[in-house]
Amino acid sequence: MEGAEISIRRAATLLRDRQVSSVELVHAALSEIERLDDQLNAFLCVYRDHALAAAERCDLEIDRGVWRGPLHGIPYAAKDLIDVAGERTTCHSRICIDNIARRDAAVITRLREAGAVLVGKTALHEFATGGPSFDLPWPPARNPWNPTMHPGGSSSGSAVAVAAGLVPFALGTDTAGSVRHPASVCGVVGMKPTFGAISVEGCFPLSFSLDHVGPLTRDARDNALVLASLLEPEAARRMQCRPECAEPFADSEAGLSGLRVGYVDAFHRASDVNTDIAAATDAAVELLRSHGAKVKTLELSPLRVFTECGRTILQAESFAIHAETLRERHADYGTRGRRRLMSGALISAERYVRAQQIRTHLVREFLSAMRGIDVAVCASSLELPCAIDDEAAIEATYDRQARTPFNVLGVPAISVPIALSSNGLPIGLQIAAKPYAESLVYRAAVGLETAVGRAFRPSVRSSVRTMEWTS
Amino acid sequence: MGALGDDDLAFASALAAAGLHDLDPADLAFLRRAHERLQRPLPLPTGFVVTTQPACLPALFSEDR
């Protein structure tokens, strides 16, 4: 038995060949959660009995020759703003502490049909906004690379659970980078697909026109497998994705040779970026070039145009969602979340519409700039994680990132770990593409992982028996 | 207490219109700073035309086909 840190692909092979059971995989995940989560706070709740019962059903199906695909029998976790019928969806907030979901979110249904086994729900920033907070009913998740540092967010617990080897994959949501941020700083792969490609039904919204669901995994190939199982049928058709296949995206194994890469270096060069991040980003792009990619500079509008546009839309839409509750129970929110959400009350309709007009311009600009280019690459964060309890630094670095552009554009974007900083924290590179070009994103991500050629494992996992990272 | 300026009134009106009352002073200070930032116009991309339609992503994506 290989433990909780096994890759999805390896686990799927072993499960199908009946060399390992789903019950064993779920037991391994539960045992790692029990062993490590007191330090990490990744989980808000663990469904031990339900998960073991679901795993037993998976094993019976596999014994009968029923094979649902590569996620059949695989344990996973979901951010606790995603509904699971009969269970609490807390959004990591006192406001929703008694909120019992009546039905499964669409993504939970899809994963259930694919045979994946939900072991628990993970920590987040309150209602997916703000940052790590200590005035909520549950503590914030801790970065497994250094528990005193910011774990990224808002899908913090999902990234921490995957990075620490507690589960092979987890679901997050991404409205301004909330999958890619924790992926970047926890050293895992986080993907936000094309807007609308995965249903957000049953996920507590933050901003209707910016919200996405996305998977976090330990490598890009596993990520492609999970994404394929989550797609709406029309999106899968447009991506030419075959969810039942071991390689669901046709281009993903095509390698870097000949890949046309646009480097949006202005996003970080114009932003007084941290020097470790600048060096790692440039080095990763050079690595792409040295492995045969054709790299040229890609010019888009300044990062600030995207950031202000995205923030305006997010704040206005999130206030509309929370207005009534803020009026009636504002003291029940945590300080950081409450202030972020109330700020939207100050945005005029004129400013909101102007932001949506700017967004139209930016999408057209991107589609035009990407003619003759397969993928765009750029930095993810512009600062290394600050201390988890440094209030001023959390506020100051909140917008110091280049992830929001891809929520504004609604195009697929992934964060892949590329290096460690001088203080030992992971750094991610973003890879984006035109709408429905997820296959090219995975081609670049798999190629980059292979070129980087190393695993990113936090020391918290050192006592866990190590598994193969690529296979 | 001095007379409220236009900007103070605009800030107070926005909060009142949103139904946000009895906020603590630290929250008000945070929101005041947010209000001040919002006095600056949104930065515009080069070539932006004010009559551009608000975004509808599926329709925009289909322009690329």
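**Reading a helix crossing in chain A**

Modeller: In this predicted model, helix 11 (residues 303–329) of chain A packs against helix 12 (residues 335–343) of chain A at an angle of about 115°, and their axes are 7 Å apart.

Biologist: How is helix 11 of chain A oriented relative to helix 12 of chain A?

Modeller: Angles of 65 to 115 degrees count as roughly perpendicular, and therefore helix 11 of chain A is described as roughly perpendicular to helix 12 of chain A.

Biologist: Is the crossing of helix 11 of chain A and helix 12 of chain A left-handed or right-handed, and which residues make the contact?

Modeller: The crossing of these two helices of chain A is left-handed. On the side of helix 11 of chain A, the contact is made by Gln315(A), Ser318(A), Phe319(A), His322(A) and Leu326(A), while helix 12 of chain A contributes Leu341(A), Met342(A) and Ser343(A).

Biologist: How many helices and strands does chain A have, and what share of its residues count as buried?

Modeller: Chain A has 16 helices and 11 strands, and 63% of its 471 residues count as buried. Among the contacts in chain A with a separation of 6 or more, 78% are accounted for by residues 24 or more positions apart.

Definitions and conventions: Residues numbered from 1 in each chain as written. Chains lettered and ligands numbered in written order. Predicted model: local features only at pLDDT ≥ 70, side-chain atom pairs only at ≥ 80, totals over all residues. Axes fitted to C-alpha atoms, helices over the stretch in contact; angles between N-to-C directions. Helix = DSSP H or I, 4+ residues; strand = E, 2+ residues; numbered from the N terminus. Parallel < 35°, antiparallel > 145°, perpendicular 65-115°, else oblique. Left-handed = near helix turned anticlockwise from the far one by under 90°. Contact = placed C-beta atoms within 7 Å. Buried ≥ 20, exposed ≤ 12 C-beta atoms within 10 Å, placed from the backbone.
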